[in-house]
Amino acid sequence: MLRMSTLFLRTLRDDPSDAEVASHRLLVRAGYIRRIAAGIYSWLPLGYITYRNIERVIREEMDAAGFQEVHFPSMLPREPYEKTNRWEEYGPDLFRLQDRKGGDYLLGPTHEEMFTLMVKGEYSSYKDLPLHIYQIQTKFRDEPRPRSGIIRGREFVMKDSYSFDLDDAGLDASYEKHRQAYIKTFDRLGLKYNIVAAMSGAMGGSRSEEFLAPCPTGEDTYVLCEKCGYAANVEAMITKVLSKEIATPPAVEVMDTPNTPTIDSLVEVMNKNYGGGFSAGDTLKNILLMADGVAISVLVPGNREVDVKRLQANLSGVKELRLFEEADFATRKELVKGYVGPQDAQKFGLKLYADPRIAVGTHWITGANQLNKHARYVTHGRDFQVDAFVEAVEIEAGDLCPKCESPVIIDRAIEIGHIFALGRKYAENLDLTVLDHEGKSRVVTMGSYGIGVSRAVAAIAEQTHDEIGLSWPIEIAPAQVHIVATGKDDQPFNVAEDLAKKIEASGRTVMLDDRRDASPGVKFKDAELIGNPIILIVGKALIDGKVELRIRKSGEKREVALESAVTEVLALLV
RNA sequence: CGGGGCGUAGCGUAGUGGCUAGCGCGCCUGCUUUGGGAGCAGGAGACCGAGAGUUCGAAUCUCUCCGCCCCGACCA
């Protein structure tokens, strides 16, 4: 039983000045967490109980799925990360340290290497597969910008699991098994979430989905089709191009378009000198970029922006991508800034990409590769050829769902889980092989699956709080029932104590506000701030043999007879 | 790393060159109070982020450093 009279807890009346988002503000005010350094937090008793409740649910679901728990150290040697090249790749995000002999160590940001090596050390036969193991571990990433309290810390707890299979079919099954386990887990945690197609990106691999908990303070942007349920990370959104009949356009016509280096200025001149009715969507933007030191050109409609991050995610293998700068134009005089067109890309030795919106057969107004000149009727397939299509534009609300063609919405969310079909990258680099039934050595294929455990505390707080405080789901709350005793006599305190014991005897958790010196107002405010789901008030109504029952979430209150109070409370907790 | 802001008691804050750094919450003592963050009286608690400088005099001005928050490029 948690007794407020002795609980290590001090609630704050004012919001802490360094907290912005609701979860951060309220978790600090309600005495769940305290900041130690940027992105590093301590868990106080209430916070730690809540955190452990979440951990428990996750662990139960992992175990129920038949996954086995292990525990690695946080501090790890350099060598394994050297072999997968991540000692370098992780860059400054990796916390590094040295021992007294100058040996390099790191604080684990994630543990693919260690799991792979562990399995390699024990297993060598296909008969041992499939295998699923997981851990719940503190992870360290020296984030460039820790943010939003516990949502994005430099130290955080993650549940990470890994699957090991002989072949692709096995990996698919393992992936699906994890997916189902995650659905159960997040449902139990009381989170609203969407499963969203994601890019596997830096982790490599073939298939990847994110579990995103929608909330306005989230850092991730995703698209959602409210009609058919299609959901995707903006990077992974697939463009739907409606095919339309296109008459064969006239031959290319070069036009004088003085002082039109921008789309807006071009449209204005076109409307003035070449008849009206032109809009930015009729023009073609030629975006020049440097991809790992090589100049490339990407075509997008003039009314759309390029999303460099999304573009990079879709240009497989490109490590560094940036827009052309003045210096790049200076070294490539043939590329006339503001007047570039795709017609001469081959001549210029430019690799040419197009957003899918630039379909074959469409024609555009675009640069003529001469200062102050543009060309029209420039037709894809006739006047230029692209090397490849690539998703490049910034997704906007109203873009069409690739499945059902209705307009999508754009929403924000917190990423609470991510599942990857990793494939063989790590197994190859670390030489994890098993013998198959023919006695031949085969590289194992892996999956990697994460849940942000500490982040889930914040995500749940974000989704469930209201103006006056936190409001936890039953299974997560520090206590399921919060009993407040008010008055100056002993009687309500004795009655409250008795109720607390009975409810606890029924297997429920109880917090008892047995403070003799606090006023009723203080106790009510604290109860609401702390956010336990059921609040039972023993006080004034006791004269009539009643106690007051409140539902934190709905605000509903009613008086119930003392004798039936326990039954009523238990009925609310099923 | 670029842009913006902030650092004064446990928390929230006032104080732009002048005397003993002020207020609210919280904390301690006493009395009163007990259904919506109680009242009165008394009290403790601050090397004003650190260092250097300017000045008769610095929380206040200058420089450097450190720390923190927010907005952008990365991720559970």
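**Figure 1. Strands β5, β7 and β6 in the predicted model form an open sheet.** The strand order in this sheet of three is β5-β7-β6, and the pairing is antiparallel. β5 (75–77) and β6 (95–98) are the edge strands, each with a single partner, so each has one side without a neighbour in the sheet. On average, neighbouring strands are turned by 35 degrees against each other, with direction ignored.

**Figure 2. Pairing of β5 with β7.** Three bridges join β5 to strand β7 (residues 104–107) in the antiparallel sense. Opposite Met75 stands Leu107 of β7.

**Figure 3. Packing of helix α1 against helix α12.** Helix α1 covers residues 22–29 and helix α12 covers residues 453–464. Their axes are 8 Å apart and meet the description of packing at an angle of about 100 degrees. Because angles of 65 to 115 degrees count as roughly perpendicular, α1 is classed as roughly perpendicular to α12. On the α1 side, the contact is made by Ala22, Ser23 and Leu27. Helix α12 contributes Val457, Ala458, Ala461 and Glu462. By class, this contact of α1 with α12 has five nonpolar residues, one polar residue and one charged residue.

**Figure 4. Protein surroundings of RNA strand B.** RNA strand B is surrounded by 55 residues, and the closest are Arg13, Arg152, Glu528, Glu548 and Arg550. Of the atoms of RNA strand B that come within 4 Å of the protein, 52% belong to sugar and phosphate. The residues of the surface near RNA strand B comprise 26 charged, 17 nonpolar and twelve polar ones.

**Figure 5. Secondary-structure elements at the surface near RNA strand B.** Two or more residues of this surface come from each of β2 (33–37), β9 (155–165), β22 (409–423), α14 (520–530) and β29 (546–551). The largest share, seven residues, is given by α14.

Methods. Residues numbered from 1 in each chain as written. Chains lettered and ligands numbered in written order. Predicted model: local features only at pLDDT ≥ 70, side-chain atom pairs only at ≥ 80, totals over all residues. Heavy atoms only, no water. Near = heavy atom within 4 Å. Helix = DSSP H or I, 4+ residues; strand = E, 2+ residues; numbered from the N terminus. Nonpolar A, V, L, I, M, F, W, Y, C, P; charged D, E, K, R; others polar. Axes fitted to C-alpha atoms, helices over the stretch in contact; angles between N-to-C directions. Parallel < 35°, antiparallel > 145°, perpendicular 65-115°, else oblique. Contact = heavy atoms within 4.5 Å. Pairing = 2+ DSSP bridges.
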